[in-house]
Amino acid sequence: MSLVRLNIKGISYSQTQNGAYALILNEVDGDRKLPIVIGAFEAQSIAIALEKEIKPPRPLTHDLFKNFADRFDIVIKQVIIHKLVDGVFYSSLICERDKIEEIIDARTSDAIALALRFEAPIFTYKNILDKAGIYLKVESKKQKEDENQNSILMDELLDSNLEPSAPKENYSAKTLEELHNLLDEAVSNEDYEKAAHIRDEISKR
């Protein structure tokens with residue numbers, strides 16, 4: 001069976017499952033998308049790995065795994081989504097240590113969160129893409145450029161707390177220097193929702 005390479009198109013709130021998110025993977029050499037339902041924690045971990053300006057002050061679980069693997073010279077070479085059963089995707093981590101390759105079973109959400117941290121490619125088999133892949137409506141060139149820059153629905157993702165979110169603060173009157181200081185403070189406090197809003201304002205400038 002031939003492998004098909006995928007990249008991450010984006011994350012959005014799942015319309016079918018409460019408290020879950022849809023991770024959309026895009027066929028690199030085609031137009032099909034592979035939607036995968038993942039939990040809020042894994043979605044946040046993937047989103048933070050995609051964001052370049054938001055660095056957690058303490059390692060998340062997937063960061064800890066990366067630090068552990070680095071310490072013991074373990075490298076994730078690639079991730080393969082190898083099975084689909086009753087709507088559940090199964091994945092494998094292809095790891096290497098001392099030129100010895102090992103295959104480790106993993107949840108797809110965890111595997112992709114780790115793939116981002118190891119900069120490892122993500123693959124699936126053609127028959128899985130044939131079975132679960134979908135075609136989305138044609139998007140504008142501007143939308144595609146934004147998505148290629150890992151533009152994701154970060155605010156929607158980080159608004160997933162069970163408690164009601166506080167009203168968004170207006171940052172338009174702040175200087176860039178003040179915004180960067182506020183961003184550092186929000187990340188230090190692990191307030192990623194606030195950090196996402198500040199980052200958006202910085203991006204507008």
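The side chains of Ser91 and Thr108 are joined by a polar contact of 2.7 Å. A polar contact is a pair of N or O atoms within 3.5 Å; within protein, one must be able to donate a hydrogen and the other to accept it, and residues adjacent in sequence count only if both atoms are side-chain atoms. The model is a predicted one, in which local features need pLDDT of at least 70 and side-chain atom pairs count only at pLDDT 80 or more, while totals for chains, interfaces and linings use all residues. Residues are numbered from 1 along each chain as its sequence is written, and side-chain values use heavy atoms, with hydrogens and water left out.

**Confidence**

The predictor's confidence in each residue, pLDDT, runs from 0 to 100. Its mean for the protein is 82, and 80% of the residues reach 70 or more. Over residues 145-167 pLDDT stays under 50, and for this stretch the model has 43 contacts beyond four places in sequence. Contact here means heavy atoms within 4.5 Å.

Helices (H or I, at least four residues) and strands (E, at least two) are DSSP runs, numbered from the N terminus. Two strands pair if DSSP finds at least two bridges between them. Eight strands form an open sheet with mixed pairing, in the order 6-5-4-7-1-2-3-8. Strand 6 (100-107) and strand 8 (134-135) stand at the edges with a single partner strand each, so one side of each has no neighbour in the sheet. Strand 1 (residues 3-13) pairs with strand 7 (residues 122-125) in the antiparallel sense over four bridges; Leu3 stands opposite Tyr125 in strand 7.

Ser91 belongs to strand 5 (residues 88-97). Its relative accessibility is 0%, so Ser91 counts as buried; buried means under 20% relative accessible area, exposed over 50%, and partly exposed in between (1.4 Å probe, protein chains only). Leaving aside neighbours within four places in sequence, the residues in contact with Ser91 include Ile80, His82, Ile104 and Ala111.

**Loops**

Ile54 is placed in the loop between helix 1 (40-50) and helix 2 (61-71). With 1% relative accessibility, Ile54 counts as buried. Ile54 and Val187 are 133 residues apart in sequence, yet 6.5 Å apart in space, C-alpha to C-alpha.

Most residues other than glycine have a negative phi. Asp73, however, has a positive phi near 55°, and Asp86 has a positive phi of about 55°. Asp73 is in the loop between helix 2 and strand 4 (75-85) and is exposed, with a relative accessible area of 55%. Asp86 is in the loop between strand 4 and strand 5 and is exposed, with a relative accessible area of 77%.

**Aromatic rings**

One aromatic pair is found in a search of the whole structure. The rings of Phe68 and Phe72 have centres 4.9 Å apart and planes at 45°, so the pair is tilted. Rings of Phe, Tyr and Trp (its six-membered ring) pair if their centres lie within 6.5 Å; planes under 30 degrees apart count as stacked, over 60 as edge-to-face and the rest as tilted. Phe72 counts as partly exposed at 40% relative accessibility.

Charged ends also sit over rings, as tabulated below. A charge sits over a ring if NZ of Lys or CZ of Arg is within 6 Å of the ring centre and within 35 degrees of the ring normal.

| Charged residue | Ring | Distance from ring centre |
|---|---|---|
| Lys66 | Phe118 | 5.1 Å |
| Lys83 | Tyr90 | 4.6 Å |
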